[in-house]
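Hi,

Here is the structure I promised to pass on.

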Amino acid sequence: MTYALTLGEMTPALRVLRLIAAECAHLPAPFVHLTPLEPERLELSLHDVDLTGDTFNVFELWREALGIDPDQVTFRVQGNGRTRVLRATGPHGGAEVTLTAYADAPAVVTTTTGGAA
């Protein structure tokens, strides 16, 4: 049997989205993900949002605005080392909020040295 939630049953995530829209209107807009599979969870993701190329700086602004503990931040690399990822989850406004930032990894410059002449 399939059980589909109503929009009203997604109130926790929708309420926190409304709260964040009011509190953080000055911050760059993230991608927003809501799902009826987890109606008490809101996911925000940042992809190349800072024109200076520092998406992680924007992540930090968002993390502070949401009051997520810095100890909750994790770092990983994906895409064969091409993409760096920061992620943190914490409570905000009665829901769980996950904040994720994706940034290109700096290019690795390799040089070969020497050789017999």
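A word on the ground rules. This is a predicted model, so local features need pLDDT of at least 70 and side-chain atom pairs count only at pLDDT 80 or more, while totals for chains, interfaces and linings use all residues. Numbering starts from 1 along each chain as its sequence is written, and side-chain values use heavy atoms, with hydrogens and water left out.

The protein chain has two helices and five strands, in the order α-β-β-α-β-β-β from the N terminus. Both kinds of element are DSSP runs numbered from the N terminus: helices are H or I with at least four residues, strands are E with at least two. Of the 117 residues in the chain, 31% are buried, meaning under 20% relative accessible area with a 1.4 Å probe, protein chains only (over 50% is exposed, in between is partly exposed).

Now the sheet. Its five strands form an open sheet in the order S1-S2-S5-S4-S3, with mixed pairing; two strands pair if DSSP finds at least two bridges between them. S1 (31-33) and S3 (74-78) are the edge strands with a single partner each, so one side of each has no neighbour in the sheet. From one strand to the next, the twist averages 20 degrees.

S4 (residues 83-92) and S5 (residues 95-104) run antiparallel, joined by 10 bridges; Val85, for instance, has Tyr102 in S5 as its bridge partner. Helix H2 (residues 55-66) packs on the sheet and touches S2 (41-47), S3, S4 and S5, with its direction at about 165 degrees to that of S5. Contact here is heavy atoms within 4.5 Å, and angles run from 0 to 180 degrees between N-to-C directions of axes fitted to C-alpha atoms, for helices over the stretch in contact.

S3 and S4 are also antiparallel, with five bridges, including Gln78 to Thr83 in S4. Their hairpin has four residues between the strands, and Gly79 there takes a positive phi near 65 degrees.

Last, the arginine: is Arg41 buried or exposed? Arg41, which sits in strand S2, is buried, at a relative accessible area of 19%. Leaving out residues up to four places away in sequence, Arg41 touches Ala13, His33, Leu34, Thr89, Glu96 and Thr98.

Cheers
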